[in-house]
Each structure stands twice: as C-alpha cells, then as structure tokens.
Amino acid sequence: MQAAFAALSSIVSWFASMIDPMCGPIGIFRLFAQDTLLACGDTGWGDEIAYGFMITASLAICTLPIGLFFGFFIALAKQSEEKSLRLATNIYTTIFRGLPELLTLFIVYYGLQIVAQQVMAAIGYEGQVEINAFIAGMIALGVVFSAYCSEVLLSAFKAISRGQYEAGDALGLHRGKTMRLIILPQLVRIALPGLGNLWMALLKDTALVSVIGLPDILRQTGIAARVTKNAFEFFSIACLLFLILAMLSSLVFSALERWTKRSETVR
Amino acid sequence: MSHAETMLPALPPPPEALKRYTFSRLLGRALLGVWLAASVGIFLFAADSWSPEKFAKYGPSFLSGLRVTLTLVAISIVLGGILSLPIAYGRMTKNKVLSWIAYGYVYFFRGTPLITQLFLVYYGLGSFRPYLEAVGLWSLFKDAWFCALFTFTLNTAAYQAEILRGAIESVPRGQHEGAAALGLPKRVAFFKIILPQAMIVALRPYGNEIILMIKGSAIVAIVTVFDLMGETRRAFSRTYDFQMYLWAAVLYLIMVEILRNLWAWIETRLTRHLKR
C-alpha cells in the first residue's frame, strides 16, 4: 500500500515536472533563458522564481474554497430573520472589510502564535511554537475574502425574486433541494462577475504574504534582486508573472461566464 | 337593518405568540456570545499589559503615523485624480494608439499588486541611479516617502480613470441626443449635462477607492515609511506587546468607518432630487 502511494506520488511529481511551464523540458526559462540570470538550476534564479510562482498560485487556489464556503454561509446568515445572527455577521464584515489586509495578516500571524504558545504551555509543552506562514496567509486571506464574498453573494441573493422560492415550495421541494436545484445555479450566474473581481483582488493580496516569510513570487524575486543587484529586472519579472496570472484567470472566468449563461437564448 | 345596542367590552390583547427557539436564533446568540467573549478577552489582555509609560511613549508616534497615512493618501488621491483625466480620455478616444497606451497602463496597474509596484519603484529605480542623478531626480527617488507617493499616484490614477470612464459611459445615449436636439455645443453638453450625471454614478466608486487607498497604504511600512502601520511595527518590535496591533486595527477601523458614513451622507444629500 505504501509502495503504491510512493509510486503514485513519484508519477505525479514526474508529470508535474514534465508540464512545468517554466523549468520543465519545454519551459520558457529552460528554452530561452539558459545562459542568463533566469537559468534553471544552480546557475540562475529560474527555478526559484518558478517555485515562487507555484506557491503564489497554490496559496490563492487553496484560499478560494475556504473563502467561498464561509462567504456563502455568512451571506445566508445576513438575510436571516434573526436579528442577533444578522448583527453578529455584520460585525464580522465591518471589521474585516475595514482592516488593511497587511494588518489582518500580522494580527493572524502573531496572534495565532501567542494563542498557540499559551495553549501549548497549558498542556505542558515548553518550546517555541512556529505558525506556518502558508497556513497563516490562508486564514487571513480567507477571512478577508469571505467578508467581501458574503457581500457579493448577498446582493446576488437579493436579485433572485421570491417567486423562485415559492415555485420550489409549490413543487414540494425540500428547502435544501430548492437551494441546490433552483437558487444556486442562478446565484452563480449573477455573482460570477463580482466573484471574478474578488479573485483578482485575492491574487494580488497573496503578494503580502511574502512579508511574513512565505517564499512566493515577490519574496523569491526580492532575494534574487538583493543578491544580483538587478532589482529592476527582477521586480519587473514579478509584475509580469502577476500579469500572467491575471490574464490566465480572466480567460478562465470568461469561459465560466459563457458556461453559466449557456441556457440563455442567443440574441 | 339591525344596529348594535351595546358596545363590546374591550378585550385584553391576545397573548404574545411564543417565539420558537430555532436553530438560527441559537446560532445568532452563540455568535454574538463569541464576539462578546472576544472583546472582553481583548479588553482584559489590553488592561493586563497596559502601562501609562508605554502610552505616553508610543501614543504620540501613533498619531504622527496617522498623519503620515492621511497626508500620503490625500495627496496621492488628488494627484491621481488629475492624472486620471488624460488616461480616461485615452481610454475613450477613437485614436487606436492612444487608447492602446491607456489600456496597457490601466491593465498593468490594475493587474499587479500595489506592493510589487512599490518595490519596482523603490528598489528597482535604484538601478537607474546615474540617469536619475543626471536629471536631478535622484534626491526625490531615494526617499521612501516620495517613492510611495509616486507609486500610489500612478496606481490610483489607473483605478480612477476606469471609474471616470465607466461613469461617463453609463450616461444614456438619449442625454447626448437631447443636448444635440437643443442645439448645445458638444463642450457645453459634456460639462453641463453628461458630467454632472456621471459624477453621481462615480461618487460611490470614488469613496471605495479612497478606502482602498487607506487600506493599501499600510504596505509603505515595508519600505521604511513610518505611517500608522510603520509606527505600529516599530512599537511592536520594541515592546513585543501584541496590543500595539490591536490599537492600529482600531484606528484603521475608525478611519474607514468615518469615511464610509461620510460618503453615505454625501450620497443621500446629492441624490435627493432622484428620490421618489
């Protein structure tokens, strides 16, 4: 069983290295930048920057489902008839939409460290507790994303007329089933442009996590800039990589938008 | 026809229907309880490590940091607003070259993180030191505060140009046609008819942009500008007292909330002729 897992993971990593767009056999750095500062391997910074690119992309991709999940339930809570539930969730969005993302990140990073330290001390572990920068970034960005996401989803919910819920009732559908079969498909269609903007904002906010030491695009290019003294070139590359991410995601989002609107008649 | 001979005695109101203890009620109370516990916990934590010396020492520096943040944001918003006019013009013009340049500018500044742009200016322009010295701009660009101002101005100009363009294009065609039918020259029609309507549409996005700039300006702390965030980081690195971050959070929240409420008030005031 273990051998099978090891084999599987080695196959996956081999596959990933084959299709690696930067330092794979047909990667751009390998093909066009072999004798420059961007060479892959020990002579250049290509592989370090490629690693940073992967970290940035995976941080954003890991944060997205968390933010969407919590944002959806916060949006549900915000339109509940229960006053205390609305109040509690409104406090949440007011705080996390009002704080700078950098400050949220620091509060999560250092605050979690303090809390974890005290919890560990309570169970009798005396030692330095280190919070993983990736996890801290995921929590901080996820919290901010869910606060914004709940606003987008709330306005999308308001755009769906009562008649849709009533139709679900009339068909004898359970409340969960009404939500899943009738409301959610329309919700996705209405909220998709807003969610696209939030995704772009999330992608840009991941650059902040470099400040607490996560080796993302900005940190890797920053190290390269400091070592080689070619700051302008390396930070331009960082900008270019973020632009590439933005272009890729706008492609994905326009495809998604076409897909969600496939039921609408072509005029 | 019959008519009532006696009045019915007043009845007591029906008993209030008992509110059911639903799941959402329970959840709402629980979440409010969590907020309450958190605020009490933070208060106790702050009271525990509170000391008047620390307040006397770091209170004024927090205020000066606040001043730096507000000046930085105010100047860059105004300069960015001025710079956004030609960019918005470029975005709307029929000239292919101009519109591509403006599009590229906007795409670059909206597609990359502000912090990367700041690093590009602050660290990157150091590579061009001889040229900058030759034109006498080096003394400006070696100053972190000026670099931050420069970056923020360029960045917010891109966003404001898009806001302006969106607002102007949102004015319906009929308004242009109406002005033309009245025989108004294009210039007069633009300034007297199109722009006032566009500014009402643009009001809310402009407010959001200012809030975004206040929040975004926190990153200048990383390039050694002592704004509110920078002062907080300095105070934290000297005292290892976590409540410094909490005070900064409170100050940022107050700033943003004041601005948000001010903007809501301005908006209801300016759109009262549209109320039905």
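## Basis of the values

In this predicted model, local features need pLDDT of at least 70 and side-chain atom pairs count only at pLDDT 80 or more, while totals for chains, interfaces and linings use all residues. Side-chain values use heavy atoms, with hydrogens and water left out, residues are numbered from 1 along each chain as its sequence is written, and chains are lettered from A and ligands numbered from 1 in the order in which they are written.

## Extent of the interface

Chain B brings 39 residues into contact with 40 residues of chain A, where contact means heavy atoms within 4.5 Å. The two chains bury about 3,600 Å² between them, with 80% of it on carbon and sulfur atoms; buried area is the accessible area (1.4 Å probe) that two parts lose on being put together, summed over both. Of the area that chain B buries against chain A, 18% is supplied by B:Trp35, B:Lys215 and B:Phe242, more than by any other three residues.

The rule finds one salt bridge across the interface of chain B and chain A, a salt bridge being a side-chain nitrogen of Lys or Arg within 4 Å of a carboxyl oxygen of Asp or Glu. The side chains of B:Lys215 and A:Glu101 meet in a salt bridge at 3.6 Å, N to O.

## Elements on the chain B side

Helices (H or I, at least four residues) and strands (E, at least two) are DSSP runs, numbered from the N terminus. On the side of chain B that touches chain A, at least two residues come from each of α1 (23–48), α3 (96–111), α4 (114–122), α10 (228–239) and α11 (243–270) of chain B, and α1(B) gives the largest share, eight residues.

## Helix α10 of chain B

Buried residues (under 20% relative accessible area, 1.4 Å probe, protein chains only) in α10(B) include B:Leu228, B:Met229, B:Ala235 and B:Phe236. Their cover includes α5 (101–122) of chain A, together with α2 (52–92) and α11 of chain B. After α10(B) comes B:Tyr240, whose phi is positive, near 55 degrees.

## Make-up of chain A

Chain A has 10 helices and zero strands, and 46% of its 267 residues count as buried. Among contacts in chain A between residues at least 6 apart in sequence, 68% join residues at least 24 apart.

Conventions. Buried means under 20% relative accessible area, exposed over 50%, partly exposed in between (1.4 Å probe, protein chains only).
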